[in-house]
Amino acid sequence: MNSPAHLDWRARLQAEWLLLLFGALAIALAVLDPQPLERYRQWLQLPTLAGLLGLLIAIQGIRDSGWVQRAAGALAARMHSVRALGLLLVMAAALLSMVLTNDVSLFLIVPLTLAIGTMSNLPVLRMVVLEALAVNAGSALSPIGNPQNLLLWQHSALGFAQFVAAMLPAAAVMLAMVALLTVLWLPRGRVALTTDRLDRTPTSVRLGMCSALALAGMVVLMEHGHAPLGAAVLLMLFALGARASLRRMAWLLLLTFAAIFLGLGHFAELPWVRGALQTMDFSQPLTVYLGAIVASQAISNVPATVLLLDHAPDAVALAVAVNVGGFGLVTGSLANLIALRLARQPQGLRLLHAVSIPFLLVAAPLVYLAWRWLG
């Protein structure tokens, strides 16, 4: 008979399968294709990891302050329809992703969704999947909505408004699809509240204020390229004043992203991968479009952007493609992984794929037609 400790470790290993998978990939590639230490530092993307660390610290503080739970109760009490409540959260995630990036918007919306789910009949897992789709669609419109857009915006030398105009047809199609899916998938019934859970959450004004300021400051520092400084300051402050929040933070999520960056970054630099790219004619928009979508499914859309940046002459075509490539497999976009890890819902990966893969298959041709006809 298995002991409880043995079952607990097995459950943990099953929950952290992404960490194990990409950790094994990174180790295997390091053994089979050893590289100088500087290459590993480059693949690890330390500024991105530092930004993620700072965001995780600030969001954990906001969660522990009780503000999210109180806000969830107030929002749920004012909405009468489950569908209306869900559509509000999904559109809020999409709009926030345009100005705060897709990952930051998830750090704000997913905890709020989970809190509402504990006190109402809101279908949490469906909502998390929809919010992952929404931030991928919404962030596509903005040059600062996600890392790949920021990189391609700087590379293209387009103005802010020019980039938005170029991405508008593609983003409009994706956002319309997300809104339609939300309306069709969520139930029509009224919001049923568990009233005894509405006002029982203790709140800490000091922790909430400090954490909110920390989140705002971290976003500003990330925008100006000072994520490591922000993360270091938050680590020190929370170690002094909110050590319990640091202990509860999702440290394994940070390790998972480090393993993904190392494994996929090394994979994208393998000689046979580079050689395969040399055989493709990236002067054709359809080649760029299909190639970038396939690459995003294999190695995620940010590494795919870096991989194809010097091969694709049309930065806008590449931007459209890698944003569409964020749908489909969970590895298509890091936002998918963040949403699932924040939610920690049973069968989350299965439901995400059941929805996101068909979504990609429908969105890919529609977005291409809209971009080519209206762009």
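**View 1. Glutamine 347 is partly exposed, at a relative accessible area of 48%.** Here, buried means under 20% relative accessible area, exposed means over 50%, and partly exposed is in between (1.4 Å probe, protein chains only). This is a predicted model, in which local features need pLDDT of at least 70 and side-chain atom pairs count only at pLDDT 80 or more, while totals for chains, interfaces and linings use all residues. Residues are numbered from 1 along each chain as its sequence is written, and side-chain values use heavy atoms, leaving out hydrogens and water. You will find glutamine 347 in the loop between α19 and α20; helices (H or I, at least four residues) and strands (E, at least two) are DSSP runs, numbered from the N terminus. Although glutamine 347 is not a glycine, its phi is positive, at about 65°.

**View 2. Arginine 344 sits in the loop between α19 (334–343) and α20.** With a relative accessible area of 49%, arginine 344 counts as partly exposed.

**View 3. Serine 300 lies in the loop between α16 (285–299) and α17 (301–308).** Is serine 300 buried or exposed? Its relative accessibility is 1%, so serine 300 counts as buried. Residues up to four places away in sequence aside, serine 300 touches Leu264, Ala295, Thr331, Gly332, Ser333 and Leu334; contact means heavy atoms within 4.5 Å.

**View 4. Helix α2 (residues 17–32) packs with helix α14 (residues 251–268).** Two packed helices are described by the angle between their axes and the distance between the axes. For this pair the angle is about 40°, and the axes are 8 Å apart. The axes are lines fitted to C-alpha atoms, for helices over the stretch in contact, and angles run from 0 to 180 degrees between N-to-C directions. The angle of this pair makes α2 oblique to α14: under 35 degrees counts as roughly parallel, over 145 as roughly antiparallel, 65 to 115 as roughly perpendicular and the rest as oblique. The crossing of α2 past α14 is left-handed (the near helix is turned anticlockwise from the far one by less than a right angle; clockwise would be right-handed). On the α2 side, look for Leu18, Leu19, Phe22, Gly23, Leu25, Ala26, Leu29 and Ala30. Their partners on α14 include Leu252, Leu255, Thr256, Ala259 and Phe267. The residues of this contact are 14 nonpolar, 4 polar and no charged; Ala, Val, Leu, Ile, Met, Phe, Trp, Tyr, Cys and Pro count as nonpolar, Asp, Glu, Lys and Arg as charged, and the others, Gly among them, as polar.

**View 5. Helix α10 (residues 160–185) packs with helix α20 (residues 348–374) at an angle of about 145°.** Their axes are 9 Å apart, and α10 passes α20 in a right-handed crossing. Among the α10 residues in the contact are Pro169, Val173, Met177 and Trp185, and among those of α20 are Leu351, Phe359, Val367 and Trp371. How many residues of this contact are nonpolar, polar and charged? There are 19 nonpolar, no polar and no charged residues.

**View 6. The largest nonpolar core has 128 residues.** Such a core is a set of buried Ala, Val, Leu, Ile, Met, Phe, Trp, Tyr and Cys residues joined through side-chain atoms within 4.5 Å. Ile116, Phe257, Tyr289, Leu318 and Val367 have the most contacts inside this core. Helix α10 gives the most to this core, with 11 residues. Zoom in on tyrosine 289: residues up to four places away in sequence aside, it touches Val320, Ala321, Val324, Ala363, Ala364, Val367 and Tyr368.

**View 7. Helix α9 (residues 147–156) and α18 have axes that come within 10 Å and cross at roughly 175°.** The two helices are therefore roughly antiparallel to each other. Gln148, Asn149, Leu152, His155 and Ser156 of α9 meet Ala315, Leu318, Ala319, Val322 and Asn323 of α18. By class, this contact has 5 nonpolar, 5 polar and no charged residues. Alanine 315 belongs to helix α18 (residues 315–324) and is buried, at a relative accessible area of 10%. Alanine 315 and leucine 151 are 164 residues apart in sequence and 9.7 Å apart in space, C-alpha to C-alpha.

**View 8. Isoleucine 62 belongs to helix α4 (residues 46–65).** Its relative accessible area is 12%, so isoleucine 62 is buried. Leaving aside neighbours within four places in sequence, isoleucine 62 is in contact with Trp67, Val68, Ser211, Ala212 and Leu215.
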